[in-house]
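Dear colleague,

Please find below the structure that I am handing over to you, together with its sequence.

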Amino acid sequence: MTTIRQRKGGRLAEAAEEQLSEEKNVKPDGKIQSDHTGGKLWNILSLTVGGIVAVCLGLLTSVYVATLHENDLWFSNIKEVEREISFRTECGLYYSYYKQMVQAASIQQGLHGLVYDNKTESVRTINILERMNVYQEVFLSILYRILPIQQYLEPVYFYIYTLFGLQAVYVIALYVTSWLLSGTWLSGLLAAFWYITNRIDTTRVEFTIPLRENWALPFFAVQIAAITYLLRTHLQPAHERLTLLAVFIATFLFSLTWQFNQFMMLIQALVLFILDCFDMLPTAKVTWLYIIQLSGLLLVCVLQFFNSMILGSLLISFNASVLIARTIQKNLKKGGLLSRLGKLFLHVLFVSCLTLLVNKLIKKILNLESDEHIFKFLKAKFGFGATRDFDANLYLCEEAFGLLPLNTFSRLSDTLLFYVYIFVLFPMTVAAATVAFQNLSGSTKVGKLMEKMEDCTIALKPGAAYNLVHTVLFGCLALSTMRMKYLWTSHMCVFASFGLCSTEVWGLILKCVRLYTSQRVICFILFLEFYDPDTVELMNWIKSNTPNTTVFAGSMQLLAGVKLCTGRILTNHPHYEDKNLRERTKQIYQIYAKRSPEDVYRILQSFGTDYVILEDSICYERRHSRGCRLRDLLDIANGHIMDGLGENEPDLKPSLYPRFCEEIKKNLPSYTVHFTRVFQNKTFHVYKLARHK
């Protein structure tokens, strides 16, 4: 247990803690002692009931989201093509590989098709297992093939039910984490209840089923639960080894299923680094967690054929730098306040510089550029200079990568979750700051201090300290990037319920603040019907009127659906973590820029395009404001003045040509010589490219 203490007066602090434990008849790890058999039976009964409640809540959550999905889309009553196009954008791309594996003549042939894929990017053969996190689709397709369920369950249902089943794992992990922190399973019950009633802000699994985060976040929650248990004091060696194994497995599965794993685990590594610097976690356990992160990510790197984005990740550089710095700076946790602060400053500076140096060196040696678009985006997002970079602006103009909307807090407040969260966060932060200061101060007056503060003694367990800093850092991430809010809001349920049900937190509040609150929750269900006849008509036309080897160009989001529903070859797709693909996408998107028909034809021909699909929703886009429409981003990148009223940067010039996607519809000779319209409806226009000798 981390308490207000320091090294020189350590024995006195420990004696005070032992005396307090004896008075309350509790063990140092917070478990109630009992000399009677009845007490032991009661503990067993409580554990059994709590476990049953956890499993029941998990299963109910799975059934609940499956029912919502069915009611939203009438999934069992729509055609197969409609089911597939309900997997929008990148979701459709990922599901297409599961479909491809299920339909392959054999497992070996299916794997060969993924390792040597020539349909995802035209005129290129790529390794899907290296470029994308689709091992879960591979595993699930193999499982579907070997299990005797084909006659009873369609492949699509096996897929979505697996994802809904993972929601049970997710809820159980949140439940267990809250239970471990508070000591009562009632806290876990409240955490699960809040997760379900705040479904709009805690998950989006029912309408973005194949999204990577829906695979990864349940394993991330399991990892947090295992870390929380690992940080408990007085663990038996066998239990500690088993817990470390559980942390490793969860970390590995989390890393394997999401391409953004390295960034999430970097924040987690920063949590460990901060707490270790302030002497609030056991150093040996922190070291093990660093090693587990490194080994889990490197194992994924091997499975992904040494994916360059993993090798060049900041996480690998940071963890390696911390471990190196520890061997060099051995006396970090000795001395008085000023001495500790000076050493801490030098340690942070050394680790930061070494991290950047190691990362730069790795990228230089391996010539890595896979993640440069992310750093350009971050640089522009946080105001370190404007950018005309097309890829960075594409992210900046997406609502999902903007700031967290204020109405999120309004919804979370409707169930009282946000109010309770803030109510718990404030005293816990004060307690952590006090403990951190005392750990650094090196004062010899701990005995007198504890006597004076007997009624307000602050005790902060390592597990509680970890979850506190975790929720703060991931909260900052969510506030800056809306798409990442699901990492925060689910943990918010855990943290709020823990604080509300924890005797330690209430002891601190009642002694020092003297406040009390209560809460109620609300539940609601939305029923919507799926209907997209224009996209269905397009997919049916492609399947009926084009060969399997046809190459299609268009927007990333639409082409993912084209691959899933028709199996045709694509020029580009939404998995954006590759520099060549990003440049290719920018070139393909010239169909929405002010370019000559000859230029557009030449670009499309260079990628082996047979057909190009134009979307009115992009060509005449009104969803974004001026400057953030796709056509505006292309104009800026090409040095052209944007359409409409408003200011333009001084060096932008008028284009010599009209906008391609508008002008092609006039059937002028300069366009018809290269492009022939073969399909159109209210939303889409498909043009076939001429084959000139």
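**Strand S5 and its partners**

In this predicted model, strands S5 and S7 (residues 684–689) pair in the antiparallel sense, over 5 bridges. Within this pairing, Leu614 stands opposite His685 in S7. On the other hand, the pairing between S5 and strand S3 (residues 551–553) is in the parallel sense and runs over 2 bridges. Here Ala553 has Val612 in S5 as its bridge partner.

Is strand S5 enclosed by the rest of the structure or open to the outside? Of its 5 residues (611–615), 5 are buried, so the strand is largely enclosed by the rest of the structure. Please recall that a residue counts as buried when its relative accessible area is under 20%. In a regular strand, side chains alternate between the two faces of the sheet. In S5, Tyr611, Ile613 and Glu615 point one way, while Val612 and Leu614 point the other way, and all are buried.

**Helix H29**

The next element to consider is helix H29, which covers residues 597–606. Its residues Pro597, Val600, Tyr601, Ile603 and Leu604 are buried. When one looks down the axis of H29, the buried residues fall within an arc of 165°, so they line one face of the helix. Just after H29 comes Gly608, which takes a positive phi of about 70°.

**The disulfides**

A disulfide is a covalent bond between the sulfur atoms of two cysteines. How many disulfides does the structure hold? The structure holds 2 disulfides.

One of them is formed by Cys397 and Cys628, whose sulfur atoms are 2.1 Å apart. The torsion about this S-S bond is about -75°, so the disulfide is left-handed. Cys397 lies in the loop between helix H19 (390–396) and helix H20 (407–414), and Cys628 lies in the loop between helix H30 (616–619) and helix H31 (630–638), so the pair ties together parts that are 231 residues apart in sequence. With a relative accessible area of 10%, Cys397 is buried, whereas Cys628 counts as partly exposed at 23% relative accessibility.

Cys619 and Cys661 also form a disulfide, with their sulfur atoms 2.0 Å apart. For this pair the torsion about the S-S bond is about 80°, so the disulfide is right-handed. The pair links distant parts of the chain, as Cys619 is in helix H30 and Cys661 is in helix H32 (residues 660–663), 42 residues apart. Cys619 counts as buried at 1% relative accessibility, and Cys661 is buried with a relative accessible area of 0%.

Cys91 counts as buried at 4% relative accessibility, and Cys565 counts as buried at 4% relative accessibility.

**Thr197 in helix H9**

Finally, I would draw your attention to Thr197, which lies in helix H9 (residues 185–197). Thr197 counts as buried, with a relative accessibility of 7%. Which backbone oxygen does the side chain of Thr197 reach at 2.9 Å? That oxygen belongs to Phe193.

Yours sincerely,
A colleague

How values were computed
Residues numbered from 1 in each chain as written. Heavy atoms only, no water. Buried < 20%, exposed > 50% of the residue type's maximum accessible area, 1.4 Å probe, protein only. Helix = DSSP H or I, 4+ residues; strand = E, 2+ residues; numbered from the N terminus. Pairing = 2+ DSSP bridges. Arc of directions from axis to C-beta. Polar contact = N/O pair within 3.5 Å; in protein donor to acceptor, adjacent residues only side chain to side chain. Disulfide = S-S within 2.5 Å.
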